[in-house]
Amino acid sequence: MDLEINKLESAIEAILFTMGDSVELGKIAYAIGHDDETTRKLIHQLMDKYDQEDRGIRVIELENSYQMCTKKEMYDYLIRVAKQPKKYALTDVLLETLSIIAYKQPVTKLDIEKIRGVKTDHAVNKLVEYELVCEKGRLDAPGRPILFGTTEEFLRKFSIHSLEDLPTIEAEEVETLKTQAEEEIQLKLDL
């Protein structure tokens, strides 16, 4: 039995390594000839093995898909090999825009601009370039504006499994933030 489990785990490992990007659970199950639940258990056993053996790689889950990736602790070693790894900075403007998209998606640029109070073309374009945001369709309205939403890369970068894992803001916190914003606006108006 252990021989069969090892063989299946090896097959899953090979699939995830070769594909590079995330692979849907159903596709992995089909490839190894088992049902989704058995495949999920095998993947989680593999994930546990990587953690227990303190390996340099791990398997992560992204909305019912799985991907093999490097552990964060190995980053320093990778930098020594890849002299200039692709890295980008998320400014406050980009983070604010990304937050709006993450919580309100699918959302148009106009909706984002109504919340932020300023143009968002540059911020949205940068987030698309960084592959954190993508087009999710078009709104059925005049002009058919583009709807934006987050990507799997967003989930990976922020180490969350799904959008349901995003932190929630309590109603009291929202009221406090509104009050603070109103006070700040009034201060600016008084000056």
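1. Basis of the values. The model is predicted: local features need pLDDT of at least 70, side-chain atom pairs count only at pLDDT 80 or more, and totals for chains, interfaces and linings use all residues. Residues are numbered from 1 along each chain as its sequence is written, and side-chain values use heavy atoms, with hydrogens and water left out.

2. Overall dimensions. The chain has a radius of gyration of 21 Å, whereas a compact globule of 191 residues would have one near 16 Å. This radius is taken over C-alpha atoms, and the globule rule is 2.2 Å times the number of residues to the power 0.38. Along the principal axes, the C-alpha trace spans about 75 × 45 × 35 Å.

3. Burial and surface. Of the 191 residues, 29% count as buried (buried means under 20% relative accessible area, exposed over 50%, partly exposed in between, with a 1.4 Å probe and protein chains only). The chain exposes about 13,300 Å², of which carbon and sulfur atoms supply 54%; accessible areas come from the Shrake-Rupley method with a 1.4 Å probe.

4. Secondary structure. The chain comprises nine helices and five strands. These are DSSP runs numbered from the N terminus, with helices (H or I) of at least four residues and strands (E) of at least two.

5. The three-stranded sheet. An open sheet has the strand order β1-β3-β2 with antiparallel pairing; two strands pair if DSSP finds at least two bridges between them. Its edge strands, each pairing on one side only, are β1 (23-24) and β2 (57-61). β2 and β3 (residues 65-70) are joined in the antiparallel sense over five bridges, and Glu 61 stands opposite Tyr 66 in β3.

6. The helix across the sheet. Helix α3 (residues 36-52) lies across β2 and β3 and runs at about 145 degrees to β2. Axes are lines fitted to C-alpha atoms, for helices over the stretch in contact (heavy atoms within 4.5 Å), and angles run from 0 to 180 degrees between N-to-C directions.

7. Helix α6. In α6 (residues 109-116), the buried residues are Ile 112, Glu 113 and Arg 116. Seen down the axis of α6, they fall within an arc of 100 degrees, so they line one face of the helix; the arc is that of the directions from the helix axis to the C-beta atoms. These buried residues pack against α5 (92-104) and α7 (121-129). The face turned away from the buried side of α6 carries the exposed residues Leu 110 and Lys 114. Gly 117, which follows α6, has a positive phi near 85 degrees.
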